[in-house]
Every structure is written in C-alpha cells, then in structure tokens.
Amino acid sequence: MGHTHKGHKITEDLWLLSTMKSSPDVLPASFLPVAIAAVRAAAIVTTRVQARLDEVRAITKDDASPVTVADLASQAAIATMLAEQDPSLVLVGEEDSSFLRQPVHASQLDATLEAARWVLPEITQAQLLDAIDLGNAEPRDEGFWTLDPIDGTKGFLRGQQYAIALAYIVRGRPVVAVMGCPNLSLDTAQLEAIPHGTGCLFIASEHEATRCEPIRGEHAPSVSARVHCNESDRPLVTTGSVEGAYSETDWSGRSFRALAEHGFVLGERLKMDSQAKYAAVARGQADAYLRLPSRPGYVEAIWDHAAGSLIAQQAGAIVTDIDGQELDFSTGERLTRNRGIVCAAPAIHAPLVEAIREQACSV
Ligand code: AMP
Ligand code: MG
C-alpha cells in the first residue's frame, strides 16, 4: 500500500523512512552499536590511565590530574565516535575543554592527547579540543545524548568503582543507555572492585530488558540483568554513596531500619562510588539504592542518573525521587523537579518511599 506525501505516491519503505525523520524520538537502530563501541573505547582509555596514576601524576605534576586526563580523553573518544556516525550529534557532556585550552595546563593537554590516541591514533590536538566541546550542546526535547565520561571520580582515583555513562534522552525520559563499569566483576557474588578483570558493560533501551556483557577480554554472550525478586529469605542489601552522609543514624539509615515495620530484615550495606550502584540493583546484588538530598540546594545532574536509572528500570527496578515522582529529564542539565533518588526492587519501593517521608519528620 502506498501513501501520498506532498502530492507524491511513495512506497511503504520510503513512507516509514520519512516518518522516522519527522519523528525525532526514533533513535536509528544503527546508533546503539556505535554507542556501545564508543563506551568500550573510552573504557580502554580510563582503564589505562587508572593503571598508571603515578605516571600520569608525574607528567602533569598535579595530584588530581589523572582524573582530568581520563575524563577529557573519554569524552573526546565518545564524542568523536558518535559524531562520525551522526554529524548532527547533540551531546550534553559533563566536561568541556576550557581547562586544557589554558597555556598553563599544556602538560595535561599533552597527556590527554596521548590517552585519546590509544583509541583514536590519528586525532590531532585541535580535533581533540573540538571533540570535547561537542559535549557543550543544549538539551533539546526531541532527543539528545548525555554523557558522564567518568562518573565517580573519587572511586576512580582510589582504584574503586567508576562508570562511563552514556544515555539518549527523548522528551524527558532516557530511552537508551550504555554504561561501562570497568572495575565491576561479571560475577555477581563478587562485590569488591577488580581492576584487572573483564569489567561489565550494561546496555538498556526502552523496549528491551537490560543486558550485561564483559568490556574486556574474550567475547562472551550478554546475559540479562534482573533485580532480586526478594522471595527468598535474604536480608535486604542496600547501597549508597561512599561519600557523604550514609550511616546507621542518618536519614538513609533510619529509613532503611524503618522497613523492619514492613517485615523486612536489613542485611549488608554496600558503599559504592558512581552509577555502579544502579547496576548493583539491576543485577540483584543490592535491593535498594538510596540518595537523599544531603544539603539544601543540591540538585542532581542528568548525566549522573540518566543511564543508571534506565538500566535499573529495564531490569525490573522502580526508580523515582524521594516523593515517589518519576525522574524528569526535561529540565535542562539538572533534575530541578526532583529531590533525591529511590531505586529499588518493586516490593520494597513503596514502603521505602513511605519510610523516607516518615523519617524526614522524626529527627
Ligand atoms: P557517587 O555518585 O555516589 O559516587 O557520589 C559522587 C559525589 O556526589 C560524592 O563525592 C558527593 O560529593 C556527592 N553526593 C553523593 N551523594 C550525595 C547526596 N545525597 N547529596 C549531595 N551530594 C551527594
Ligand atoms: Mg564526571
């Protein structure tokens, strides 16, 4: 059957193509393999920098520089690879090149260029800087990528968990997510960071269940990630930030303890850096990830939650803010309509939101 479009009769295929083009929330299927390849390339860069922290510090003469070098080279690699596929790329990245453009930071620029060349051997200095700045785009309703090239910078410097988090957002919702966790073990029984293992790559899209595959080493088939269904007697495993308030007596701790009234037994508490916490819930290592607003005025950045929240959701978790509202990614670079994050297995989510509300009033 044909359709009439601007007076021309067009075939079914052409009709589909034209509707895809006029409907920007359709992300061409060919973009997902490119996003996966880009995150894998970035992981090669960050893993090598993490293995050579002292060497990079010596070159750049600055303690904090390894994370700058890895962050910027990771963003350059991902932006370059996405832009090769899609010249009209719209990317909202955490980083920009202003630091590297200052003459006083010439050693960091050299080190970043060297790191980027591990995966993009031909890239020039000018191309590197321009690629990083591709991440300066403004969010737009019809669709855009958002990237945290290294989420969990403190974890990165400590040799612990960090994530390379890339997501595509359409009309306020993440629809595709690719997240690399280079120090996370494929073995879900293993909770420690493993810097020389295979790492984990998580892939999720709006219409598919989350899958996980190794980042490094031999090719292995991906496995689907599922939240823990909590039908067993396992005490609840909770996860939260390494940094900041996350103790027995603070709001998070009290909220978890209040779950006892709903018949839950509290178990281990996993402290992890980065969006690897969402991955821990997605594959059943933890039952709930909580991030309560720890200081007034703190608003979460979209790149800290877009990929992780979709990965947890598509594995069966419920992700909202502490008021039980859906996360709204339509408000620019920050989640200004949301407070905090509650990511949990379905049976735990509602009681947890209730406990958080009660505990907020009973200080
Ligand atoms: P994470 O994403 O858990 O690796 O944390 C990264 C950084 O975010 C930490 O170093 C803290 O400074 C900050 N952070 C973590 N949790 C919160 C929170 N609930 N409120 C405000 N800042 C936070
Ligand atoms: Mg970052």
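**Entry on Glu 326 and Arg 173.** I looked up this pair and found that the side chains of Glu 326 and Arg 173 meet in a salt bridge, with 3.1 Å from N to O. I noted that the model is a predicted one, and I read its distances with that in mind. The pair links distant parts of the chain, since Glu 326 lies in the loop between strand 13 (318–320) and strand 14 (341–344), while Arg 173 belongs to strand 6 (residues 173–181), 153 residues apart. I then looked up how accessible the two partners are: Glu 326 counts as partly exposed at 48% relative accessibility, and Arg 173 also counts as partly exposed, at 41%.

**Entry on Glu 213 and Arg 40.** How many salt bridges does a search of the whole structure find? I found that the search gives 13. One of them joins the side chains of Glu 213 and Arg 40, with 2.4 Å from N to O. Glu 213 lies in strand 8 (residues 208–213) and Arg 40 in helix 2 (residues 31–51), so this pair ties together parts that are 173 residues apart in sequence. Is Glu 213 buried or exposed? I wrote down that Glu 213 counts as buried because its relative accessibility is 10%, which is under the 20% cut-off, whereas Arg 40, at 22%, counts as partly exposed. I also recorded that salt bridges with shared partners join Arg 40, Arg 211 and Glu 213 into one network.

**Entry on Glu 142 and Arg 140.** I looked up another salt bridge, in which the side chains of Glu 142 and Arg 140 meet at 3.8 Å, N to O. Glu 142 is partly exposed, with a relative accessible area of 31%, and Arg 140 is partly exposed as well, with 34%.

**Entry on ligand 1.** Where does ligand 1 sit? I found it in the largest pocket, and the residues that surround ligand 1 include Lys 154, Asp 273, Arg 291, Leu 292 and Tyr 298. For Leu 292 the contact comes from the backbone, where a polar atom is 2.6 Å from a nitrogen atom of ligand 1. Last, I recorded that the protein covers 79% of the 480 Å² of accessible area that ligand 1 has on its own.

Note on methods
Residues are numbered from 1 along each chain as its sequence is written. Chains are lettered from A and ligands numbered from 1 in the order in which they are written. This is a predicted model: local features need pLDDT of at least 70, side-chain atom pairs count only at pLDDT 80 or more; totals for chains, interfaces and linings use all residues. Side-chain values use heavy atoms; hydrogens and water are left out. A salt bridge is a side-chain nitrogen of Lys or Arg within 4 Å of a carboxyl oxygen of Asp or Glu. Helices (H or I, at least four residues) and strands (E, at least two) are DSSP runs, numbered from the N terminus. Buried means under 20% relative accessible area, exposed over 50%, partly exposed in between (1.4 Å probe, protein chains only). A residue is near a molecule or strand if one of its heavy atoms lies within 4 Å of it. A polar contact is a pair of N or O atoms within 3.5 Å; within protein, one must be able to donate a hydrogen and the other to accept it, and residues adjacent in sequence count only if both atoms are side-chain atoms. Accessible areas come from the Shrake-Rupley method with a 1.4 Å probe; for residues, only the protein chains shown count as cover. On a 1 Å grid over the protein atoms alone, a cavity is a set of points where a 1.4 Å probe fits but cannot get out, and a pocket is an open set with protein on both sides within 12 Å along at least five of seven lines; lining residues have an atom within 4 Å of a point. A molecule sits in a cavity or pocket if more than half of its atoms lie within 2 Å of its grid points.
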